[in-house]
Amino acid sequence: MLLKLEKGFDKFANVIGYITAIVMVLMILNVFYDVVMRYFFRSGSIAMQEMEWHLFSIIILLGISYTLKEDGHVRVDLIYDTLSQKKKAIINMVGVVLFILPIAILIGYGSIDYVVEAYQSGEQSGDPGGLTNRWLVKSLIPISFLFLIITSIGFFIKNLNVYKGLHPITNHGIKDEVEHILNDVKKTKENLHKGEDK
């Protein structure tokens, strides 16, 4: 049951990751367009320049949830890496309950008035030709923290499964990446030798 729940939360986080990746591509295309227009055609658009930081905001706000699912946030790995799987799982679960959930609820709830105020005042860019409806990008603040709450519940369940011994923690450190690459190289060599023996 818990493993199925974990997979469901992981799928949700993966969708957020795909959306973030698409927005990243859009931002790159936007920056490319701005650079070409500015340096080759001596023209530009304030709205397109502002769109760069709007897209960047979306990447950061949505990326928080996907990064948690991938266990990619910064921590003191020097200590954490020396711990057993169960101790790591306990630290992660305590971190969700004591830090992630309270902060996500506080910021998510607290930012709703900020969005409503931007909508009611019709907030827009102060520059002529800039973007209007700034409430749209601001609305991503409470939405992103709602997504973080959902993915942190999934992260808690994943670590509960680790604590119960249902599967190990997936490590994402440099040392683990190097070991993964070396194992792949070793398997490839073994497959090549098997092919030569035939």
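Start by colouring the model by pLDDT, the predictor's confidence in each residue, from 0 to 100. Helices here are DSSP runs of H or I with at least four residues, numbered from the N terminus. Over the protein, the average is 88, and 92% of the residues score at least 70.

Before moving on, note that this is a predicted model, in which local features need pLDDT of at least 70, side-chain atom pairs count only at pLDDT 80 or more, and totals for chains, interfaces and linings use all residues. Residues are numbered from 1 along each chain as its sequence is written, and side-chain values use heavy atoms, leaving out hydrogens and water.

Now select H7. Its 24 residues reach 34 Å from first C-alpha to last, close to the 34 Å expected at 1.5 Å a residue (the expected span is 1.5 Å times one less than the number of residues). After H7 comes Gly 165, with a positive phi near 80°.

Next, pick Asp 10 in helix H1 (residues 2-40). Asp 10 touches Lys 69 and Lys 158, not counting residues up to four places away in sequence; contact means heavy atoms within 4.5 Å. With Lys 158, Asp 10 forms a salt bridge, the closest N and O atoms being 3.5 Å apart. Because Asp 10 lies in H1 and Lys 158 in H7, this pair ties together parts that are 148 residues apart in sequence. A salt bridge is a side-chain nitrogen of Lys or Arg within 4 Å of a carboxyl oxygen of Asp or Glu. Asp 10 is buried at 16% relative accessible area, and Lys 158 is buried at 17% (buried means under 20%, exposed over 50%, partly exposed in between, with a 1.4 Å probe and protein chains only).

The whole structure holds three salt bridges. For another, show Lys 69 and Glu 70, whose closest N and O atoms are 2.8 Å apart. Then go to Lys 138 and Glu 123, at 2.7 Å.

Helix H4 (residues 85-110) gives the most, eight residues. Click on Leu 98 in H4: this residue is exposed at 53%.

Methods
Helices (H or I, at least four residues) and strands (E, at least two) are DSSP runs, numbered from the N terminus.
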